[in-house]
Amino acid sequence: MPLLLSHHHHQLLLLLLLVAITASHGDSSDDGAYDPSMCLNQKYTCGSVSITYPFYLAGETKDAKGYDNSYCGYPGLGILCEDDDKPILQLNGAANYTVKSIDGALATVSLADPNVDDDRNPCPRPRIDRNVTLQEGSLLYFPDSAVDYLIFFIGCNFNFTFYKPSSIYPISCESFDDGPGPGLSFVLPDDAVPAGNWVQACSQVIQLPVHKYGAINLTDPGWTNGSEYASVLRQEFQLGWNESGKPPACIQCEGANSKGRCGHNRTGDFIGCLCPDGRVHSDNNCNKARRQHSKKTMTILNKM
Ligand SMILES: *[C@@H]1O[C@H](CO)[C@@H](O)[C@H](O)[C@H]1NC(C)=O
Ligand SMILES: *[C@@H]1O[C@H](CO)[C@@H](O)[C@H](O)[C@H]1NC(C)=O
Ligand SMILES: *[C@@H]1O[C@H](CO)[C@@H](O)[C@H](O)[C@H]1NC(C)=O
Ligand SMILES: *[C@@H]1O[C@H](CO)[C@@H](O)[C@H](O)[C@H]1NC(C)=O
Ligand SMILES: *[C@@H]1O[C@H](CO)[C@@H](O)[C@H](O)[C@H]1NC(C)=O
Ligand SMILES: *[C@@H]1O[C@H](CO)[C@@H](O)[C@H](O)[C@H]1NC(C)=O
Ligand SMILES: *[C@@H]1O[C@H](CO)[C@@H](O)[C@H](O)[C@H]1NC(C)=O
C-alpha cells in the first residue's frame, strides 16, 4: 500500500516537518544587531518641540542590515535639530521648514517659514528655485483641508502667441525687477492661473504650499503690492502623515504583540523590525522567540 501512509508514518513525517520548520526558524529571523541609539526611545526635545518615533533625528541615521544611513522611523519624518534648538524638516530635500509643533495623536505636523526671504521684505520671494514637493516615499501629505498653493511666476515675457492675460496684474514691487530675468512677475493661487505656457514664458516658476487662504482679490493693490500674499506666506501650515501608507510588515512589527519599530533605509524602503532586544527581526515580530516556537511544537505534538 504505497499510497496510504500508515498513521505511524504520517506522524513521523509531520514530526520531521516540524523539526525542519523550527530549525529553520530559530536564528533566521534574527538579522543581526542594530545600534539602538538610532531609535528615539525617549522623547527628544528640540527647542519647544518634542520629537518621538515615528519621527527620527535626521542626523542620527546608522548602518543597519548593511544599508548605510538607515533610520528608525517613517520616510519623510526625519527632523534636523539645528543649533540644538531649531527643529527643521526638509521637504523635497532642499526646502527647510521650521517645525512649530507635532501632534502624534492627530498625525499632523505644523510648519512655518515658507522659504521666502527676510520677513521684513514687503514683497517676499522664494529662497529656493524649485517647487516644494514631498519626496518620493514620504508618508507626509498636504491635506486639502489645510493647505493651498501659491505659484510665483518670475520674469515673464509675453508675445503675440502668449499675451499677458488681462485678468491678472503683475506684482508691483521693485524687488521683483532684480531678475533672474527681465519681465513681469506674478503671484497666483494655483487654481487661478490663466492657460498658457508659463514655464516657457517665465524665467522661474515656483510653487509653494501655504496655509489655506480665504477669498483673494488678485486685482487689489493689497495683493499686487505684496502685503496680502506675504501674510498668507507667514502663516504656519499643517501637514499630515498617512499611517495607512505603512507597509504591512511595518504594521506587524509595531503591533501589540511585537512592539518593534520600523527601520527604513536611505531610499525609504522597509528593511526590518528594530526590536527592543537590540536585534533586527526579519519576521517582523519581536516576540517570536524560540521558546514560543517550541511551546507551539509541543502543543501540536501532544495532539498527534
Ligand atoms: C537646509 O539646511 C541644511 C542643514 O542645515 C543646509 O545644509 C542647507 O543648505 C539648507 N538649505 C537651504 C535651502 O537653506
Ligand atoms: C512647478 O509647479 C508648476 C505649477 O504647478 C508646474 O507648472 C511646473 O511644471 C513645476 N515644475 C517642476 C520642475 O516640476
Ligand atoms: C511666444 O512665447 C511663448 C512662451 O514663451 C513661446 O513658446 C513662443 O515660442 C513665443 N512665440 C514667438 C513667436 O516668439
Ligand atoms: C477687487 O479689488 C479691486 C481694486 O481694489 C476692486 O475694484 C474690486 O471691486 C475688488 N473685487 C472684489 C470682488 O472685491
Ligand atoms: C498695499 O496695499 C494695501 C491696500 O491698498 C495698503 O493698505 C498697504 O499699505 C500697501 N502696502 C504697501 C507696502 O504699499
Ligand atoms: C494614504 O495611503 C493610502 C495607501 O497608500 C492611500 O490609498 C491613501 O490615499 C493615502 N491617503 C492620503 C490622505 O494621502
Ligand atoms: C533599500 O532597501 C531596498 C529593499 O531591500 C533595496 O531594494 C534598495 O536598493 C535599498 N536602498 C539602498 C540605497 O541601499
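Mentor: Cys39 and Cys72 are joined by a disulfide, with an S to S distance of 2.0 Å. Bear in mind that this is a predicted model. The link of Cys39 and Cys72 is right-handed, with 95 degrees about the S-S bond. Now place the two ends. Cys39 sits in the loop between β1 (30-33) and β2 (44-46), while Cys72 belongs to strand β6 (residues 67-72), so the pair ties together parts that are 33 residues apart in sequence. Next, accessibility. The cut-off for buried is under 20% relative accessible area. Cys39 has 8% relative accessibility, so Cys39 counts as buried. Cys72 has a relative accessible area of 0%, so Cys72 is buried too.

That is one of seven disulfides in the structure. Take another. Cys250 and Cys262 form a disulfide with their sulfur atoms 2.0 Å apart. This link of Cys250 and Cys262 is right-handed, at 95 degrees about the S-S bond. Here a helix meets a strand: Cys250 lies in helix α5 (residues 248-254) and Cys262 in strand β16 (residues 261-264), so the bond ties together parts that are 12 residues apart in sequence. Both Cys250 and Cys262 are buried.

Now look at Cys275 and Cys286. They form a disulfide, and their sulfur atoms are 2.0 Å apart. The torsion about the S-S bond of Cys275 and Cys286 is about -85 degrees, so this disulfide is left-handed. Loops hold both ends. Cys275 is in the loop between β17 (270-274) and β18 (279-281), and Cys286 is in the loop between β18 and α6 (290-303), so the pair ties together parts that are 11 residues apart in sequence. Cys275 is buried, with a relative accessible area of 1%. Cys286, at 12% relative accessibility, also counts as buried.

Start with its layout. Three strands make an open sheet in the order β13-β12-β14, and their pairing is antiparallel. The edge strands, β13 (184-189) and β14 (202-211), each pair on one side only. On average, neighbouring strands of this sheet are turned by 15 degrees against each other, direction ignored. Strand β12 (residues 147-156) pairs with β14 in the antiparallel sense over nine bridges. Keep two kinds of link apart. Strands of a sheet pair through backbone hydrogen bonds. A disulfide is a covalent bond between the sulfur atoms of two cysteines.

Terms used. Residues are numbered from 1 along each chain as its sequence is written. Chains are lettered from A and ligands numbered from 1 in the order in which they are written. This is a predicted model: local features need pLDDT of at least 70, side-chain atom pairs count only at pLDDT 80 or more; totals for chains, interfaces and linings use all residues. Side-chain values use heavy atoms; hydrogens and water are left out. Two strands pair if DSSP finds at least two bridges between them. Helices (H or I, at least four residues) and strands (E, at least two) are DSSP runs, numbered from the N terminus. Axes are lines fitted to C-alpha atoms, for helices over the stretch in contact, and angles run from 0 to 180 degrees between N-to-C directions. A disulfide is a pair of cysteine sulfur atoms within 2.5 Å. Buried means under 20% relative accessible area, exposed over 50%, partly exposed in between (1.4 Å probe, protein chains only).
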